[in-house]
Amino acid sequence: MKKKKILPLLLAAAITLASCSVSEAGSSASGSAGGSANNASGDYKYGKIDIPGKDGALCGAPIYIAYENGYFAEEGFDVNLISADFETRKIGLNNGSIPIVNGDFQFFPSIENGIDVKVVDGLHEGCIKFAVRPDSDIDSVDDLKGKKIGVDEIGGTPHQVASLWLENAGISADPSKGDVTFLPYSDGNLEFEALANGEIDVAALWDPLGSIHEKAGDVKILFDLGKDPYFADHFCCFLYASNKVLEENPDEVAALLRAYRKAQEWLYEHPEEAVDIIVNKNYASIEDKDLAVELIKSYGFPSAAEHDENWDSHVQSDVKYFVDGLSSIGYLQSDPGEFADKIYQKVDVNK
């Protein structure tokens with residue numbers, strides 16, 4: 001793609017974490033004793049830590065399961081799942097009080113602007129859908145010129161995904177060009193209402209909301225992050241570790257990654273049980289368990305066999321892939337190769 005100097009002004013606004021974040025901790029579930037209580041002795045090697053997670057995204061499942069199945073506790077953490085906006089996360093990551101968060105490639109411009117974190121792992125392959133009304137005459141990206149697109153925030157992941165998608169199709173995402181108009185909605189339900197009443201032509205919705213409305217026949221799906229040829233089979237959501245913690249106590253980050261990987265592998269093997277935990281503990285608002293299981297299976301959570309010697313290279317390759325993509329549309333100003341090398345750090349989880 002030809003590099004375009006667009007949207008630099010949006011970088012400063014591109015800064016609120018989206019729904020690759022997680023949800024709130026519940027109490028223990030069947031077969032588990034929760035993130036803290038599973039350590040019967042109450043003796044935690046790394047003590048009490050805060051991990052952000054309260055937005056209800058279904059794809060945040062690894063955090064819910066790591067907490068509920070006691071994987072954090074097994075690795076020496078008394079985890080307190082918290083609600084945290086981007087500023088809180090940024091401060092926590094920079095000073096080390098929050099050792100790790102999950103987030104999308106939305107983070108990359110923020111790192112370029114000074115957040116002191118490293119990408120240390122991949123979490124899942126995406127849970128965003130672009131929906132249009134059932135009677136819409138919009139059938140493809142080629143029909144979007146002159147249209148209004150709802151997103152959760154300007155500069156957030158759906159906005160960046162839409163921008164890449166549009167630019168790849170030859171439609172400018174630069175607001176000054178007027179090809180499309182992005183309108184922010186802080187609540188997905190309000191965004192859906194805006195779509196239904198014609199205020200916007202396309203709604204970029206996080207799961208499970210987009211999928212619930214799709215199954216109900218309220219919308220037709222124009223774009224699925226997990227299926228689009230450009231995005232499919234690439235991590236959109238990564239784990240970001242505080243560089244301060246990485247430098248001072250890399251074993252702590254390695255232990256956290258082991259907990260996340262245990263959760264990913266358990267999700268791969270037990271999607272139905274995972275949905276029971278997520279629904280019963282109100283981590284995500286979805287009543288249709290069959291749909292939830294289908295979605296969990298679609299997020300690309302890896303098996304134990306996939307966490308092999310090639311895993312880290314796969315994560316690093318996807319970091320470079322999206323650095324290149326964001327650079328090509330002007331979201332990143334740094335040299336792509338140098339920036340991709342700078343923001344990724346391999347962590348030896350076997351220590």
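Student: How do helix α2 (residues 61-68) and helix α11 (residues 271-280) cross, and at roughly what angle?

Tutor: In this predicted model, their axes come within 10 Å and cross at roughly 85°. Axes are lines fitted to C-alpha atoms over the stretch in contact, with angles from 0 to 180 degrees between N-to-C directions. Angles of 65 to 115 degrees count as roughly perpendicular, so α2 and α11 are roughly perpendicular to each other. Helices here are DSSP runs (H or I, at least four residues), strands are E runs of at least two, and both are numbered from the N terminus.

Student: Which residues of α2 and α11 meet?

Tutor: Contact means heavy atoms within 4.5 Å. On the α2 side you'll find Ala61, Tyr64, Ile65 and Glu68, facing Ala274, Ile277 and Ile278 of α11. That makes six nonpolar residues, one charged and no polar (Ala, Val, Leu, Ile, Met, Phe, Trp, Tyr, Cys and Pro are nonpolar; Asp, Glu, Lys and Arg charged; the others, Gly among them, polar).

Student: How many helices and strands does the chain have, and what share of its residues is buried?

Tutor: The chain has 14 helices and 10 strands. Of its 351 residues, 60% are buried (under 20% relative accessible area, 1.4 Å probe, protein chains only). Among contacts between residues at least 6 apart in sequence, 81% join residues at least 24 apart.

Definitions and conventions: Residues numbered from 1 in each chain as written. Predicted model: local features only at pLDDT ≥ 70, side-chain atom pairs only at ≥ 80, totals over all residues. Heavy atoms only, no water. Parallel < 35°, antiparallel > 145°, perpendicular 65-115°, else oblique. Buried < 20%, exposed > 50% of the residue type's maximum accessible area, 1.4 Å probe, protein only.
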